Amino acid sequence: HVHVLRITVAATEVTGRDMEDVDVLEEDTEKEAGEEVVKDEEAGKRAAGELATQRKLLAIEELVLTERNYLRHLRLCSVTIRSNLQKVQPPLANLDTMFLHIQEVMDVSERLLTLLDRGQPSNPGFLSLLCDAFLSLRTDMEAAYREYLAGYGNVTALENSYKQKEAVWQEVVKVVKASAPEVNASSPTFFLVMPVQRIARYPLLLQTIQKHTDPRDPAYLALEDVARIAVDMNCKINEYKRFREVADKYKKTETLSIRDKINRLNGHSIAKKTARLGQFLKHETGIVPKVIDEEFDALAGFFCVLERGITDLHENVENFLGHLQAFLACRPEERDLDLGSDRGVVSYREITAALKQWIYPTFERRVRTLVHRPLCSLREMLAGPRNLIRKRLDKLLDYEALGEKSGLSYEEQAVAGAYRTINALLVAELPQFNGTALQLLWGILGAFSCLQRDLAADTEQLFASYTHELPHSLLEPSAFWEWASAAVCEEAKRLDAIFQNVQEELNAPIVQPLSPSSQRRLQVLMERHSPEKIYQLTRHVVGSRELDLTLQRGELVALVSEMDTRGDRRRWLVDAGGPRGYVPSSKLVRYRQVTKEVPPSPHFTTAVGREAIRRHSYSPESHPFVTMAMPCFQVFAGYDFTARSHHEVTLRSGEPVKVLEPHDKRGNRDWSLVEVRGRRGYVPSNYLAVLPSVVAPPTAPFC
């Protein structure tokens, strides 16, 4: 047993030593395995890092390469295709509108590539260069792309108009394919839609680069900011595009007939307008307080003042140009006024001729180009903001009618959104418009001032060459102004004398026979009114207001009232033998009848015997008619008459006429055969007048 025990103990000791050796071996094996795992993990991380770096490099290269191809396609479209489309016959309508704002987009893309070409995509610092390039161009990029995207709807509309004409569209497709054979394109919008797609792709490319960039990279934070800025830029561009669509929708001015307006009426529109009217009445009566926006009210008030000033200036410039044209049309210096050969008169004629043939026409042309045309364009620009301001008021009434509702329907949300959009658009854009319009207005006024200064300089230079030939050239300034004042006063007195003479001639008593129609009207008026109510017109009257009459000089009327319904005594109510209306009292004189043995009118003149007929006349009451006891009379043309055939002869009012036969070949006394200016022909008998010999020449045929 002792021996067996010893053997067992020995075996146990051997087994313990083996187990210790096994444990040590397992520990070594586990240590080696752990080291291998660590090595594999480090290798995996290195592989993942290399893969991320490679993907980042590919994303950067994709951004640069696609930007280069994008710019190349835009150049191909805006230069080659555009120039070839301009050669199409007949020319394409509004072709330049299709390529509007594309040059600004190309400039921004070219500047971006110029900044990126300063480094290589494989360089460690290229990512910082990329971020700096986008940050430096963010403002210009947003401005260029937002204008292009806002007007892109016009591009598609214009292309659709081309498609409606098959021959035109086939020619456009042919030009596009011939201009870019390496590109599978058949329309201009294949290229013109690229900016719309490109601005939306920038955030995706930048986010892809950020995804494969190590957060420990120094440029990671800058890259994150650039990606966020690219997303914000797209949001702002979309918001601006939405604003522009609203502005384009509401700034249009429509000229609708009454029928079109009636056709547009429906239940919805009537309810909407009724709600607006009710809200407006609540504001005016004080039931509901108005929404006050001081910022907008200030902008709108300034716009109204600016609009009124531009409108008044436009009207004044048009009147100025009209008066200038009338002045240039009157050229008395070209008439032979028999003023003698005085050197002063000759100099005046030469100076006036130079002014009207060279200086003033040049001045007028420059005013139209530099003042009137820009002013017309500026006035047209006011229509859009004016309509938006009016539409904002309507939308504000709709918005206020919603009240404080918590849950709005889809239509009510659209109403509220329309008001907020128009209000935000006006608050953002109206200050810029007011500033630009004011700047243009000051530029127009400055140009007009410069033109006036140039006109004065040209006129002074012209007069300087004639100064030594004029009699007042050696006078002192005080003596010159004294001479000029005396000359102006003297000429004013002469002009006043001429005016008085003309007035006396116009108001002088005129004796003329009444036409058959005037005699019938006189008979009708005498039956209705007393003789002292009969008046005769001294001038032609043209009705310009409601209930005004249009009458010829010499017509007879009867006075009904010496004032109109408003108590104005300058307008008298008269009876014209049928219609009643108002005429100026200053053109009426009381009609007087004068009975006298005088020769009959031309169509009653015979060689044997003349019977007395009643003669009629009119004259101002301050100059009563005095009967002239003279045996001589002369026939004159009372009115102008234009011959319509070779059997008739033309008359000019006031010229002497010799009556050959007081009737035509059929015995009709409405026509008379006369001789005037050596020619014979027929004229209406009531166009002839017999005047006393006091105004007749010595060789009057009726003496």
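Visitor: Which residues make the nonpolar surface patch?

Guide: This is a predicted model, in which local features need pLDDT of at least 70 and side-chain atom pairs count only at pLDDT 80 or more, while totals for chains, interfaces and linings use all residues. Residues are numbered from 1 along each chain as its sequence is written, and side-chain values use heavy atoms, with hydrogens and water left out. The patch, of about 410 Å², is made by Ile258, Ile262, Leu265 and Ile270.

Visitor: Why is Ile262 called exposed?

Guide: Exposed means over 50% relative accessible area, buried under 20%, and partly exposed in between, with a 1.4 Å probe and protein chains only. Ile262 has a relative accessible area of 52%, and therefore counts as exposed.

Visitor: What makes the pair of Phe303 and Phe433 tilted?

Guide: Rings of Phe, Tyr and Trp (its six-membered ring) pair if their centres lie within 6.5 Å, and planes under 30 degrees apart count as stacked, over 60 as edge-to-face and the rest as tilted. The centres of Phe303 and Phe433 are 6.0 Å apart and their planes lie at 50°, so this pair is tilted. The two residues are 130 residues apart, with Phe303 in helix α12 and Phe433 in helix α15.

Key
Patches are made of residues with over 30% relative accessible area and no salt bridge: like charges are joined within 9 Å, nonpolar side chains (Val, Leu, Ile, Met, Phe, Trp, Tyr) within 5 Å. Accessible areas come from the Shrake-Rupley method with a 1.4 Å probe; for residues, only the protein chains shown count as cover. A salt bridge is a side-chain nitrogen of Lys or Arg within 4 Å of a carboxyl oxygen of Asp or Glu. Helices (H or I, at least four residues) and strands (E, at least two) are DSSP runs, numbered from the N terminus.
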